[in-house]
Amino acid sequence: MQAKKRYLILVSAGACLVLLLFLGGLPVPASRRSQVQRDGHRPGPRWPRFLEHLQPFVPWDQTESEGYIAHMSARQKRDASSGLNQGRRCRMDSCFDFSLCAKNGFKVYVYPQQKGDKISESYQSILASIEGSRFYTSDPGQACLFVLSLDTLDRDQLSPQYVHNLKAKVQSLSLWNGGRNHLIFNLYSGTWPDYTEDLGFDIGQAMLAKASISMENFRPNFDVSIPLFSKDHPRTGGERGFLKYNSIPPFRKYMLVFKGKRYLTGIGSDTRNALYHVHNSEDVVLLTTCKHGKDWQKHKDARCDTDNAEYDKYEYKEMLHNSTFCLVPRGRRLGSFRFLEALQAACIPVMLSNGWELPFSEVIDWNTAAVIGDERLLLQIPSTTRSIHQDKILSLRQQTQFLWEAYFSSVEKIVLTTLEIIHDRVLQHMGRSSLMWNNHPGGLFTLPQYSSYLGHFPFFYAPLGEWPTHSKFTAVIHAVSPLVSQSQPILKLLVAVAKSPYCAQIIVLWNCDKPLPAKHRWPATSQPIIVIEGESKVMSSRFVPYSSILTDAVLSLDEDTVLSTTEVDFAFTVWQSFPERIVGYPARSHFWDANKERWGYTSKWTNDYSMVLTGAAFYHRYYNYLYTNYLPASLKSMVDQLSNCEDILMNFLVSAVTKMPPIKVTQKKQYKETMMGQTTRASRWADPDHFAQRQTCMNKFASWFGTMPLVHSQMRLDPILFKDQVSILRKKYRDIERL
């Protein structure tokens, strides 16, 4: 028995050895001996043999050489020849010349338009927005960024807006330099049937501001993804979001809606063709029609007639404004007009476009305003949206309105957001934080050159739970009349303001043509008086961010203003609770004149106002910086030429930022008579053209802002127990009632 076992073991071992030799698992000793005999020495350890050869290293900027192209695949060669793969590896540090921005900062030059060039209305709006921005320069020698005047928006060869022979025109530009430091805007690329992202010419090292760009072709921190907008999109201003108030709970008539084209064949047809699976005609209404195009009947399927009939039953705007969520599926291209429509309507977008680099994704956190879905999980979309808590719905809805108004409501805002993103890349040490971009009032009104700390901006005090840094104010008195008498209002004003316990210093801005008065002519006060002589002697100089202003609060005063110390103290106390707004005494209002079809200005004393004049008002010093650095030179030049309207322009600016009205404090009966009674030669109140000029200013300012930012209010803040029939000793600001 034992012999039998040994026999079986021996046979098994032999079989295994033969099998190993057959498969080459063990080296054969004879071969090694023969190798020793041939070479005369014993070989050392052998390197492992790799089946694949390592690809030779080629620097990114040499990939176009003939040697490299020889090893490219057919698809890579095709892409390279079409320009799609050119500059694919470009980044700011490799394809952008920062030295052009070192001397003059971030300036943008637009090529002059050539006679005969065809330019679409949308591209004209883009160029006009750049030329009206604070970045524009007409001198190419000062430019950091260059924008073509050639229309590159529509690169669909079947489109009537398509510009032919663009490749030769671009290459002939003397400043092209291979596209370096150039920005190209594009909304449509490719054509039927595959709609590739090829622009039809070699963009070289230029940056793309492109709609419907895919993550595959998007070059992070180099390109900018912009939204797809229609030719009717307003150039400036734009309508505000449609959300007027929040309902609790935040649910609407429909939970999820969509209405749009269905493509029977070709790219983009799969997702929309499957929408009928989740449509229930109740709270989920997803409507498509194949009734579009010239040959739709040739390709119609069995569902076309049913879909078309259902499609006509619903009105799109009614659905849009009465739905909690709006589906945004891809079309022929990744982007869709439905995206901006949903944002404006406060209908939370549900994105169904796999691979789409969302607009301004570099700075906007879309998880706070949209639901990012997956085309492959379409059937799960209804259950996913139903599972979102109502608190989250409220938050998402609010954010859609903020993003719409901050970045998407006009072509100008889309263009300026694009430029500001590139600006932050170029000047990284002064770039905005994510909180600045994603919180009110947004990146366009938050200039990082002023400060990188959120607590230095008035509109971030409340979110941060902070208060103004300083508990005192700086008074800035605008002086335009010579000092000829010790009884002039400016001297009385200096004394009254200096007595305030909240006053840190007084600055007199001397914009008078006469020489500065001697020091002994100014009254002796407990607070320092700093006299600054205006170099240009213009009205806008009163809002220059002077380095002498050390406090957050600024009390702006005209030289003929009459205020008591008590009034100054109370107004400052109110401002401390509303540091993002203008707080003061003299109020004015605006109205729409239907007969003249223009905005009007009125100083009538009513219970309604929309402006508080800066002749006696508190505001945050950041608005001086914003006034000087954000507003265009054309508006400030108009103010300086008229020597008027600077207070209206400041009100426009602050209301545009806050979306709120100023705050009027206790009215002084004598204020109107005092101000209107000024008959000195320098007084603007005595000028018969004063109000006519202010009417003109109102409309000029509204035109630049693209809308009327002023907001009406009927609120007036009085001291506690003001005018109450109680002892005067119980009142803190008792002197106000005596005025």
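**Figure 1. Tyr601 is a buried residue.** The relative accessible area of Tyr601 is 5%. Phe691 is partly exposed, at 29% relative accessibility. Buried means under 20% relative accessible area, exposed means over 50%, and partly exposed lies in between (1.4 Å probe, protein chains only). The model is predicted: local features need pLDDT of at least 70, side-chain atom pairs count only at pLDDT 80 or more, and totals for chains, interfaces and linings use all residues. Residues are numbered from 1 along each chain as its sequence is written, and side-chain values use heavy atoms, with hydrogens and water left out.

**Figure 2. Two aromatic pairs are shown, one with Phe339 and Trp356 and one with Tyr601 and Phe691.** A pair of aromatic rings is described by the distance of the centres and the angle of the planes. Rings of Phe, Tyr and Trp (its six-membered ring) pair if their centres lie within 6.5 Å; planes under 30 degrees apart are stacked, over 60 edge-to-face, and the rest tilted. The structure holds 37 such pairs. In the edge-to-face pair of Phe339 and Trp356, the centres are 5.6 Å apart, with 75 degrees between the planes. Phe339 belongs to helix H13 (residues 338-344) and Trp356 to the loop between strand S11 (348-352) and strand S12 (371-372), so this pair ties together parts that are 17 residues apart in sequence. Helices (H or I, at least four residues) and strands (E, at least two) are DSSP runs, numbered from the N terminus. Tyr601 lies in strand S19 (residues 598-602) and Phe691 in helix H25 (residues 690-705), so the parts tied together are 90 residues apart in sequence.

**Figure 3. One aromatic cluster includes Phe339 and Trp356.**

**Figure 4. Lys259 and Arg338 lie over ring faces.** A charge sits over a ring if NZ of Lys or CZ of Arg is within 6 Å of the ring centre and within 35 degrees of the ring normal. Lys259 is over the face of Tyr311, 4.6 Å from the ring centre. Arg338 is over the face of Tyr316, at 4.9 Å from the ring centre.

**Figure 5. Cys101 and Cys144 are joined by a disulfide.** A disulfide is a pair of cysteine sulfur atoms within 2.5 Å. The whole structure has 5 disulfides. Here the S to S distance is 1.7 Å. The torsion about the S-S bond of Cys101 and Cys144 is about 55 degrees, so this disulfide is right-handed. Cys101 is in helix H6 (residues 99-102) and Cys144 in the loop between helix H7 (121-131) and strand S2 (145-147), so the link ties together parts 43 residues apart in sequence. Both cysteines, Cys101 and Cys144, are buried.

**Figure 6. Cys326 is linked to Cys347 by a disulfide.** The S to S distance is 2.1 Å. With 105 degrees about the S-S bond, the link of Cys326 and Cys347 is right-handed. Cys326 lies in strand S10 (residues 323-329) and Cys347 in the loop between H13 and S11, so the pair ties together parts that are 21 residues apart in sequence. Cys326 is buried at a relative accessible area of 3%, and Cys347 is buried at 0%.

**Figure 7. The largest pocket has a volume of about 1,500 Å³.** Of its 43 lining residues, Tyr195, Lys261, Tyr263, Arg332 and Arg333 are the closest to its centre. H7, strand S8 (254-261) and H10 are the elements that give two or more residues to this lining. On a 1 Å grid over the protein atoms alone, a pocket is an open set of points where a 1.4 Å probe fits, with protein on both sides within 12 Å along at least five of seven lines; lining residues have an atom within 4 Å of a point. Grid points are joined across faces, edges and corners, and a volume is the space filled by probe spheres set on the points. The lining of the largest pocket has 15 nonpolar, 16 polar and 12 charged residues. Ala, Val, Leu, Ile, Met, Phe, Trp, Tyr, Cys and Pro count as nonpolar, Asp, Glu, Lys and Arg as charged, and the others, Gly among them, as polar.

**Figure 8. The second largest pocket holds about 890 Å³ of space.** Among the 36 residues that line it, Arg240, Glu405, Lys413, Ala656 and Lys659 lie nearest its centre. Two or more lining residues come from each of helix H15 (390-408), helix H16 (411-426), helix H23 (646-658) and H25. H15 gives the most, with 7 residues. By class, the lining of the second largest pocket has 16 nonpolar, 13 polar and 7 charged residues.
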